[in-house]
Amino acid sequence: MTRSVLVPSSLVREAEDKREATRKLGYVARAAAVFRMDRLVVFPDEGGERKWGGGFVETVLRYAATPPYLRKEAFDTRDELEYAGVLPPLRLSSWTGSDSSGSGSLRQGIVTQVGSEGRVRVNCGMQHPISLQTPPGMEVEEGERVTIRVSSRRPVRAKLVDEPLPGFSVERTGLGDALDRPDAGVRIATSRHGTPLAAASLEGYVERAARDGLTVAFGAPERGLPPMLGLTGDEVSEAVADPSTDAPARFDVWLNTIPSQGSEVVRTEEAMFASLGCLTLTE
């Protein structure tokens with residue numbers, strides 16, 4: 001069961017400058033962190049991009065999703081990260097070790113050297129890169145990100161484990177490919193033209209998401225999902241009003257998660273907090 005959130009490459013189309021665009025992306029990453037998303041996917045919307053496109057959006061989000069102790073090695077100096085200092089801290093428990101148990105805490109690492117007999121050196125935020133044995137059947141390459149389980153810092157006791165990286169990943173892929181994943185779960189499009197989310201129907205969506213996982217897609221300011229998909233708002237409204245028809249564009253449902261919005265435009269990061277707060281409730 002996985003949780004994915006999809007945002008367009010036109011996400012920062014209304015930002016006045018790079019600093020504001022960076023700050024906005026920081027709050028998108030915060031929403032993914034707060035609600036424990038597994039994947040944050042950037043899908044192309046070239047028709048809606050303005051000054052900053054998908055490359056900028058993807059780079060800043062990847063940087064935000066990288067533990068602070070790995071950022072310098074993973075990114076060095078890049079123009080897209082000129083204002084990375086304004087990004088709000090994510091403080092993921094998997095980075096700080098606050099999720100640690102008797103078996104140790106998980107950390108991200110970057111392979112800095114591949115040696116002989118299955119040994120590698122890994123930078124995982126310790127004082128120096130540490131030498132580790134790769135598990136049987138696992139192959140890694142220099143520069144690859146890996147998962148480390150640390151059971152002791154003094155002295156250092158750690159092992160390389162074949163497990164997903166702690167935190168959430170950032171990917172760039174087409175919207176259709178993201179929806180076609182076998183682990184997509186319930187596929188939800190958010191739009192003011194969708195079915196208004198009500199307390200009576202919320203339990204059903206929460207139950208499905210808890211059982212199957214979910215993929216939630218968001219639009220951009222002044223450019224929602226319908227125009228990105230070649231639809232009009234009326235076409236979406238008519239489709240959701242007719243229970244005999246399938247939801248448009250390969251989604252399972254179109255939802256208006258802020259049915260009584262008081263602002264003419266809800267920003268993507270605001271919609272993420274409002275929507276994910278409802279859809280990730282526990283039963």
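**Close-ups around Asn 123**

**View 1. Side-chain contacts of Asn 123.** The Asn 123 side chain reaches the backbone nitrogen of Gly 125 at 3.1 Å. It also makes a polar contact with the side chain of Glu 73, at 2.7 Å. A polar contact is a pair of N or O atoms within 3.5 Å; within protein, one must be able to donate a hydrogen and the other to accept it, and residues adjacent in sequence count only if both atoms are side-chain atoms. The model is predicted: local features need pLDDT of at least 70, side-chain atom pairs count only at pLDDT 80 or more, and totals for chains, interfaces and linings use all residues. Numbering starts from 1 along each chain as its sequence is written, and side-chain values use heavy atoms, without hydrogens or water.

View 2. Asn 123 is buried, at 13% relative accessible area (buried: under 20%; exposed: over 50%; partly exposed in between; 1.4 Å probe, protein chains only).

**View 3. Strand β4 and its partner β3.** Asn 123 lies in β4, residues 119-123. Strands here are DSSP E runs of at least two residues, helices H or I runs of at least four, numbered from the N terminus. Strand β3 (residues 105-114) pairs with β4 in the antiparallel sense over four bridges; pairing takes at least two DSSP bridges. Gln 113 stands opposite Arg 121 in β4.
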